[in-house]
Amino acid sequence: MNIINTQQLSYDLFERMRANRIVMNYFGALSFGMAQHLIDDIYDSLLNTSLERIMIKKIYSTFIEGVENVVKYAYYKEQNRNYGVVNVSETIDGNYVVGVGNMVQQSQKNELLQEINKLKDKTIDELKLDYRNFLKEAGENEELTNGLGFLKMAIDCDNNIQFNFMKLEEYVDFFLVEITINK
């Protein structure tokens, strides 16, 4: 039986995150209350940087959309909370990457692929037009807003979205989305 030195493990993780310029990293249960706490924390962290206001708004907006997607759509739940991971990091060249991941049923995979692939080859102007049209059509009907989060994230990052599905179990995948916001 291996005994884990949790102090060393925690310190090693801290050093790796610091070396990789991790601004925020969270893994665990995400209720609406915890999501709000993380959203407040990332906003405070971003305000304490020398970033331009527009960059802060893009990172913040993308973070909100990503966290909301985990809270709403994650497959794995425990005590009525969804589980996922959210991460914001700065690259060496000053860009920011917002990563969000959660478990999804493989039956959801095609729907998610369809939403993302609709955006893949569009220009920013086309995405903005789609966004305006989406808002007009959806109005107050929340059921019609599925996909709006991906569309907003695509606009904020100039359509620089990477995603991956990794099989975990027979009917469950881990869905990871990484959004790069260029400085």
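This talk walks through one predicted chain, from its overall fold down to a few single residues.

Ground rules. The model is predicted, so I take local features at pLDDT of at least 70 and side-chain atom pairs at pLDDT 80 or more, while totals for chains, interfaces and linings use all residues. Residues are numbered from 1 along each chain as its sequence is written, and side-chain values use heavy atoms, with hydrogens and water left out.

Start with the whole chain. It has six helices and six strands. Those are DSSP runs, numbered from the N terminus: H or I over at least four residues for helices, E over at least two for strands. From the N terminus, the order reads α-β-α-α-β-β-β-α-α-α-β-β. The radius of gyration is 17 Å, close to the 16 Å from the globule rule for 183 residues, so the chain is as compact as a globular protein of that length. That radius is taken over C-alpha atoms, and the rule is 2.2 Å times the number of residues to the power 0.38. Along its principal axes, the C-alpha trace spans about 55 × 45 × 30 Å.

Now surface and contacts. The accessible surface is about 11,600 Å², and 49% of that belongs to carbon and sulfur atoms. Areas come from the Shrake-Rupley method with a 1.4 Å probe; for residues, only the protein chains shown count as cover. Of the 183 residues, 38% count as buried. Buried means under 20% relative accessible area, exposed means over 50%, and partly exposed is in between, again with a 1.4 Å probe and protein chains only. Take contacts between residues at least 6 apart in sequence: 64% of them join residues at least 24 apart. A contact is heavy atoms within 4.5 Å.

Charges, briefly. There are 19 positive and 27 negative side chains, and the centres of the two sets lie 3 Å apart. Lys and Arg count as positive, Asp and Glu as negative; His and the chain ends are not counted. Each charge is placed at NZ of Lys, CZ of Arg, CG of Asp or CD of Glu.

Next, strand 4, residues 96-105. Nine of its ten residues are buried. Strand 4 runs antiparallel to strand 6, residues 172-181, with ten bridges between them. Two strands count as paired if DSSP finds at least two bridges. At one of these positions, Q105 has V172 as its bridge partner.

Inside strand 4, look at G101. Its relative accessibility is 0%, so G101 counts as buried. What does G101 touch, beyond its neighbours within four places in sequence? The contacts are V70, G84, V85, F174, F175 and L176. V70 is 31 residues away along the chain, yet the two C-alpha atoms are separated by 7.1 Å.

N95 counts as buried, at 12% relative accessibility. Outside four places in sequence, N95 is in contact with S89, E90, T180, I181, N182 and K183. N95 and M55 are 40 residues apart in sequence, and 9.5 Å apart in space, C-alpha to C-alpha.

On to helix 6, residues 148-156. Eight of its nine residues are buried, so helix 6 is largely enclosed by the rest of the structure. The buried set is L148, G149, F150, L151, M153, A154, I155 and D156. Which elements cover them? The cover includes helix 3 (53-73), helix 4 (106-117), helix 5 (124-138), strand 5 (161-169) and strand 6.

The loop between helix 6 and strand 5 deserves a stop. It holds D158 and N159. Most residues other than glycine have a negative phi. D158 has a positive phi of about 55°. N159 has a positive phi too, near 65°. Are they buried or exposed? D158 is partly exposed, with a relative accessible area of 43%, whereas N159 counts as buried at 17%.

Strand 5 joins strand 6 through two residues. The two strands pair in the antiparallel sense over eight bridges. Within that pairing, Q162 stands opposite E178.
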